[in-house]
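My notes are kept in the order in which I looked.

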Amino acid sequence: MKIITIHSFKGGTGKTTFVANIATILAQNNYNTVILDLDFSGPSLYYLMNVEPVSWINNYLDDMCTHKELLVNVQEKFNLPAKFLVGLANPAPSAITDVLSKGRRWQMNALSKLMRLKNILEQDGIDFIVIDTSPGLRYESINAVLLSDITFVLLNIDNFDIYGTKYMIQGFYEDLDKDLFLILNKVPIQFAKNNNFMEDVKNKLKEISPKINFAGVIPCISDVFMTLSKEILALTKPDSPFIASLKKILSDIIGITIPVEEINLDRIDTEDDCCA
Amino acid sequence: MIVVLDIYAIYIVMDDGRELFKRVYRGTPASTGLLMSFIAAIRSFCEETTGSSVDEIRSGDLFYYIKQIDPIIVIVLTSSRKNIESIAETIAYRFIDRYGGALQNWKGQNIFQDFQDTLDKLLDMKGVDRGKVILEPNKVLDAITVLKLNPNLQKTALALIGIKRGTIQDIIKNTNKSVDETKKDLKALINMGYVGKVASGSVEWYFVK
């Protein structure tokens, strides 16, 4: 089993959309998959998954429920061939402020509990756990990165994000014995099509730290924007170039065998560019 | 689950509340006088109002388990109920077997301290470093702490956070490190105050705060 954590320096980089879609792609390809929402300060997966959980991950970490009460099976709802379970964070403002008030002891217990959950899920035959986190260096995101086997850090082509990510990697990831991969997300198509420009960006990012591996570029495609975060594109529009980009990343980095369609940026019109 | 890590302290008192013996393994020792006054008051209150006695008082994660076997009362401060009744009973009977005669005409002399060795053997306790039975961690080992550790120590630290308490064999299951490497890591973590250690029987246990 592998744990994949999705992190970023800034909010709005597309973590939740990325999490929901790669987890769905994994389940579509017969991998038993679990999503855990550890973005306690901005829980969003709840709205995307459109399910009513019996218990939240907040309750689980407070020892108020079992993992079976936490995890909602959406395999049938999404018509998937493999198990697809989600553990959601409570979006109620009282729950968000409650987590903010927790101390170091609680956070240590949370990490311990999540590590034990990993063992339980492994015994239950789960192949992948995909974790959504809060942006920046918050307790829950540090816990999530420590839990992970592979961390994807998403960033946009934006100076704030690039420099923030640079300092986060130098000050946080460099001392960790973890595999780290950068993904440039929501890249305007005119930039994505410009090979020289993209090579230049990649090289600059690689200079940040020897820890950095570059996982891929996801073009800014209107398909994603048009879902208004109400649907999972891997389910509703699996032929989208966005999904093809994610499949390529999963195939290249995770090493799983899934059919990967060729992404031809020349076939994407600039009017399909959500950043145009 | 091991007993030694769950038991914080053992108090043995006469049924009139006078202290006979006290052994504190973990945490700060309570004044036996204060403790007995409180327990006597709450027991008396409960007996009058409900007709039954109190056999435990909970405080956060810990509780005082109270076992009366005349003429003594054994109070165990513990974090686990596992086997607690039989442990308290065994302690009481061992104490009575050994000091029953002396208890009949006891006038307050301090003559019970050698029960400490009996108790430690009973609980299968062995001394660890620095002449202590239990080496307590004094700092919380959490995610932020792990970040500050030398990368070589991070795997061992994380594995211990995952199980909270365990032997070297339990820890290396999740690290793929050798026993010698793990021992070295644990020694460093103990010296930094993040990890505690206790010996029970032939096994050494490591734990986080």
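The entries below go from the conventions to the interface, and then to single residues.

**Conventions.** I am working with a predicted model, in which local features need pLDDT of at least 70 and side-chain atom pairs count only at pLDDT 80 or more, while totals for chains, interfaces and linings use all residues. Residues are numbered from 1 along each chain as its sequence is written, chains are lettered from A and ligands numbered from 1 in the order in which they are written, and side-chain values use heavy atoms, with hydrogens and water left out.

**Interface.** I looked up the contact (heavy atoms within 4.5 Å) and found that it takes 17 residues from chain A and 18 residues from chain B. The buried area, meaning the accessible area (1.4 Å probe) that two parts lose on being put together, summed over both, is about 1700 Å² between chain A and chain B, and carbon and sulfur atoms give 64% of it.

I then looked for salt bridges, each defined as a side-chain nitrogen of Lys or Arg within 4 Å of a carboxyl oxygen of Asp or Glu, and the count between chain A and chain B is one. That salt bridge joins the side chains of Arg104(A) and Asp142(B), at 2.6 Å from N to O. Helices α6 (104-123) and α7 (139-147) of chain A each supply at least two residues of the side of chain A that touches chain B; I take helices as DSSP runs of H or I with at least four residues, and strands as runs of E with at least two, numbered from the N terminus. The most comes from α6(A), with eight residues.

**Helix α7(A).** I noted that nine of the nine residues of α7(A) are buried, where buried means under 20% relative accessible area, exposed over 50%, and partly exposed in between (1.4 Å probe, protein chains only). Among them are Tyr139(A), Glu140(A) and Asn143(A).

Asp63(A) lies in the loop between α3 (57-61) and α4 (67-70) of chain A and Lys113(A) in helix α6 of chain A, 50 residues apart. Asp63(A) counts as exposed at 57% relative accessibility, whereas Lys113(A) is buried at 12%.

Asp6(B) is buried at 5% relative accessibility, and Arg165(B) is partly exposed at 24%.

**Thr156(B).** Which side chain does Thr156(B) join in a polar contact? I find Asp185(B), at 2.6 Å between the side chains; a polar contact is a pair of N or O atoms within 3.5 Å, where within protein one must be able to donate a hydrogen and the other to accept it, and residues adjacent in sequence count only if both atoms are side-chain atoms. Thr156(B) sits in helix α6 (residues 151-163) of chain B and is buried, with a relative accessible area of 0%. Leaving out residues up to four places away in sequence, Thr156(B) touches residues including Ile171(B), Leu186(B) and Leu189(B).
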